[in-house]
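These are my notes from a first pass through the structure.

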Amino acid sequence: MKLASLKGGRDGRLLVVSRDLTRAADAAGIAPTLQAALDDWERLALRLDELSKALEAGGVAHRPFDPAQCASPLPRAYAWLDGSAYVNHVALVRKARGVAVPETFWTDPLMYQGGSDVFLGPRDPILMADEAWGIDLEAEIVVILGDVPMGATRVEAAAAIRLIMLVNDVTLRNVTGPELAKGFGFVQSKPSSAFTPVAATPDELGAAFDGAKVHRPILTFINGKPFGRPMASEDMTFDFPTLIMHAAKTRALSAGTILGAGTISNRAADGGPGLPVSEGGVGYSCIAEQRTVETIRNGKPSTPFLAFGDRVTIDMQDDAGRSIFGVIDQTVVRYHRG
């Protein structure tokens with residue numbers, strides 16, 4: 001089934017959405033919010049699935065599904081953890097900053113805890129006060145978890161995956177370096193993230209999800225032009241159960257925790273940095289990576305970071321070209337405090 005949150009209040013109103021993303025049924029009679037559903041998933045998931053089947057059969061009242069009226073599936077969450085499962089991306093971005101990659105990065109996942117009190121809806125603008133901050137997109141796959149015990153096994157970690165969605169994890173590249181140099185992690189360089197209109201249960205992806213990795217490309221466009229189409233399952237050093245186990249090593253995770261795998265990044269066929277789409281490559285899932293490749297090849301970057309008025313779209317499609325989660329479609333807008 002596919003679930004969404006209609007804007008309204010801090011936590012939205014739960015909807016069940018048709019597989020083709022054209023219709024939605026109010027699910028508030030089962031659970032008022034997605035977080036409420038996750039808190040009692042074992043009991044309520046079956047009822048939500050029955051509503052989903054009734055919606056597909058046309059046997060329940062429904063409305064047209066409008067992503068513009070949606071908040072993030074979880075408008076706020078108890079925790080937002082983001083890993084860097086694609087170490088190729090980490091290596092390239094760190095190379096651009098002149099920072100070496102320790103060997104442990106290939107055996108022990110990187111992960112940080114981001115702000116989760118305010119998430120953006122799939123059509124909300126990216127509000128920024130200054131272009132000089134180096135505004136960048138990051139296209140990623142994330143999972144929403146049920147309760148995970150501390151010290152979870154791989155089987156327990158995999159079983160905790162409730163829903164899957166995509167995220168635009170906005171990053172301010174020119175703020176990142178000075179902030180990380182303090183040795184205390186991300187804060188200002190990681191503003192609010194935006195998620196796809198719907199979150200889907202793993203079965204909705206069919207064979208594209210094997211319980212550990214998603215075997216589909218993630219599609220990114222900037223101002224309507226293809227920017228990236230890397231395959232999410234390739235060059236993924238750490239899969240989702242591994243990331244979940246890492247996050248739960250020293251603490252339990254509560255239902256509603258969102259966990260990301262980081263910016264999707266593929267190497268070229270020869271093992272070197274990937275090529276841009278314009279040169280027949282699969283491109284990139286963030287501008288920083290393209291700028292790094294340009295620096296390696298040409299001595300300096302040529303692709304600018306996002307500017308006011310730029311439009312970013314992120315999507316994942318099935319074999320028939322139909323969007324699985326709906327599209328993140330955002331424009332960078334100058335922030336003015338009202």
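**Entry 1: the second largest pocket.** I began with the second largest pocket, which has a volume of about 280 Å³. Of the 14 residues that line this pocket, K2, E204, D318, R322 and I324 are the closest to its centre. I sorted the lining by class and found four nonpolar, two polar and eight charged residues. For the classes, Ala, Val, Leu, Ile, Met, Phe, Trp, Tyr, Cys and Pro count as nonpolar, Asp, Glu, Lys and Arg as charged, and the others, Gly among them, as polar.

I noted what the words stand for. On a 1 Å grid over the protein atoms alone, a pocket is an open set of points with protein on both sides within 12 Å along at least five of seven lines, while a cavity is a set where a 1.4 Å probe fits but cannot get out; lining residues have an atom within 4 Å of a point. Grid points are joined across faces, edges and corners, and a volume is the space filled by probe spheres set on the points.

**Entry 2: ground rules.** The model is predicted, and local features need pLDDT of at least 70, side-chain atom pairs count only at pLDDT 80 or more, and totals for chains, interfaces and linings use all residues. Residues are numbered from 1 along each chain as its sequence is written, and side-chain values use heavy atoms, with hydrogens and water left out.

**Entry 3: the cavity.** How many cavities of 30 Å³ or more does a search of the whole structure find? The search finds one. The largest cavity has a volume of about 30 Å³. Its lining is made up of L6, L15, R63, P64, F65, D66, Q69 and C70. By class I have five nonpolar, one polar and two charged residues there.

**Entry 4: helix α2.** Helices (H or I, at least four residues) and strands (E, at least two) are DSSP runs, numbered from the N terminus. Helix α2 covers residues 41-56, and at 1.5 Å a residue its 16 residues should span 22 Å; I have its end C-alpha atoms 21 Å apart, which agrees. The expected span is 1.5 Å times one less than the number of residues.

Next I checked burial, where buried means under 20% relative accessible area, exposed over 50%, and partly exposed in between (1.4 Å probe, protein chains only). W41, L44, A45, L48, L51, S52 and L55 are the buried residues of α2. Seen down the axis, they fall within an arc of 125°, so they line one face of the helix. The arc is that of the directions from the helix axis to the C-beta atoms. An α-helix has 3.6 residues a turn, so residues three or four places apart point the same way. E42, L46 and K53 are exposed on the other side of α2.

What do the buried residues of α2 pack against? I listed β1 (2-6), β2 (13-17), β3 (23-26), α1 (34-39) and β11 (161-168). Contact means heavy atoms within 4.5 Å. Just after α2, G58 has a positive phi of about 75°.

**Entry 5: helix α5.** In α5 (residues 173-181), I found R173, V175, T176 and E179 buried. Their arc down the axis is 140°, so they line one face of α5. P178 and A181 are exposed on the face turned away from that buried side.

Entry 6: Q290 is buried at a relative accessible area of 13%, and E289 is buried at 0%. Leaving aside neighbours within four places in sequence, Q290 is in contact with F227, P276, Y284 and T303. With neighbours left aside in that way, E289 is in contact with N88, H89, L92, S265 and Y284.

**Entry 7: V198.** V198 sits in the loop between β13 (194-195) and β14 (199-200). Is V198 buried or exposed? At 0% relative accessibility, V198 is buried. Not counting residues up to four places away in sequence, V198 touches a list of residues including K2, L3, F65, I164 and I324.

**Entry 8: positive phi.** Most residues other than glycine have a negative phi. N223, not a glycine, has a positive phi of about 55°. N223 is in the loop between β15 (219-222) and β16 (225-228), and is partly exposed at 42%. D235 has a phi near 60°, lies in the loop between β16 and α6 (240-247), and is partly exposed at 25%.
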